Amino acid sequence: MPRHLLLLVHTVPLDGAFTLNDLAGGGGRMDEVARVLSTALTLSNDLRRDATVTLLFHPKGDGPGRSIVVDGSRVRYLNPDERSTAALLKNALVRSVLADGPVESSPGLTVAPADPREALEAFVRRAGAVWLTESGSPLRAYDGPIGLSAVLSDPTEPTAAERELLEGSGIPRLSVGPRALRSSQVVDLLWNELDLREPPDH
Ligand SMILES: C[S@@+](CC[C@H](N)C(=O)[O-])C[C@H]1O[C@@H](n2cnc3c(N)ncnc32)[C@H](O)[C@@H]1O
């Protein structure tokens, strides 16, 4: 079943103006954003072609945010290392600066201006939407749809507005375990649970 992940991204410069040598500092924790993407879409020697990742970038001021949608069935040039993944994302953000609509900056990777609130609202309306949070109920006991659409946050907690929207949506809140984990660790555990429930054919 198709899986969809939405990561709320809060501190990455939207114009891509950061160096690949400082992903955690000047890159606004792009290191972890890139890890989430590669964790979500790569396997040992393959890609997860049934998974799609949306990165929803929050603007610093009043301007538009950005969304980057990465389609596991079409993506190319995605490798497991965070530096080359960050380079793909940086390229997309730089390309988005002069674009007023969606741009496929590399195969399977589309960047577009986005209203983060509208995009999050649309995502939580998807069938099987869930919110991953350490205060949620145990994923292991969740018996909802296996092809799910999961929202999680980057190293910064969801903003007050995002939290209000998520709480107001009424979607299930799920926890993958009792500890506060890094976002990429949460993705590993979530995907593993879904893999166990729906083992691959081979
Ligand atoms: C690095 S955590 C946020 C910081 C964390 N709240 C803390 O106090 O250290 C990033 C995100 O991963 C998700 N997350 C972390 N631990 C989780 C868990 N045990 N179950 C589900 N989601 C989790 C949440 O979406 C969280 O906002």
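Is Y77 buried, exposed or partly exposed, going by the other C-beta atoms within 10 Å? Y77 is partly exposed, because 13 other C-beta atoms lie within 10 Å, a count that falls between the limit of 12 or fewer for exposed and that of 20 or more for buried. Keep in mind that this is a predicted model.

## Two residues with a positive phi

Let's stay with Y77 for a moment. You'll find Y77 in the loop between β3 (65-71) and α2 (82-96). Its phi is near 65°, which is a positive value in a residue other than glycine. As background, most residues other than glycine have a negative phi.

R29 is another case: phi is near 70° there, again positive in a residue that isn't glycine. R29 sits in the loop between β1 (3-9) and α1 (30-41). R29 counts as partly exposed because it has 19 C-beta neighbours inside 10 Å, and buried would take 20 or more.

Now hop over to D154, in the loop between β7 and α4 (160-169). D154 has 25 other C-beta atoms within 10 Å, so D154 is buried.

Who does D154 touch? Setting aside neighbours within four places in sequence, D154 is in contact with L7, L8, V9, H10, R29, E32, V33 and S183. So R29, the residue with the positive phi near 70°, turns up again in the contact list of D154, a list that rests on C-beta atoms lying within 7 Å. D154 and L55 also make an interesting pair: they are 99 residues apart in sequence, while their C-alpha atoms are 9.8 Å apart in space.

## Around the ligand

There are 17 residues around the ligand, and L132, E134, L152, S153 and A180 come nearest. The elements giving two or more residues to this shell are β6 (129-138), β7 (149-153) and α5 (183-197). β6 provides the largest share, with four residues.

## A hairpin to look at

Last stop: strands β4 (residues 103-106) and β5 (residues 109-114), which pair in the antiparallel sense over three bridges.

The hairpin of β4 and β5 has two residues between the strands. In this hairpin G108 takes a positive phi near 80°.

Notes
Residues numbered from 1 in each chain as written. Predicted model: local features only at pLDDT ≥ 70, side-chain atom pairs only at ≥ 80, totals over all residues. Near = placed C-beta within 6 Å. Contact = placed C-beta atoms within 7 Å. Pairing = 2+ DSSP bridges.
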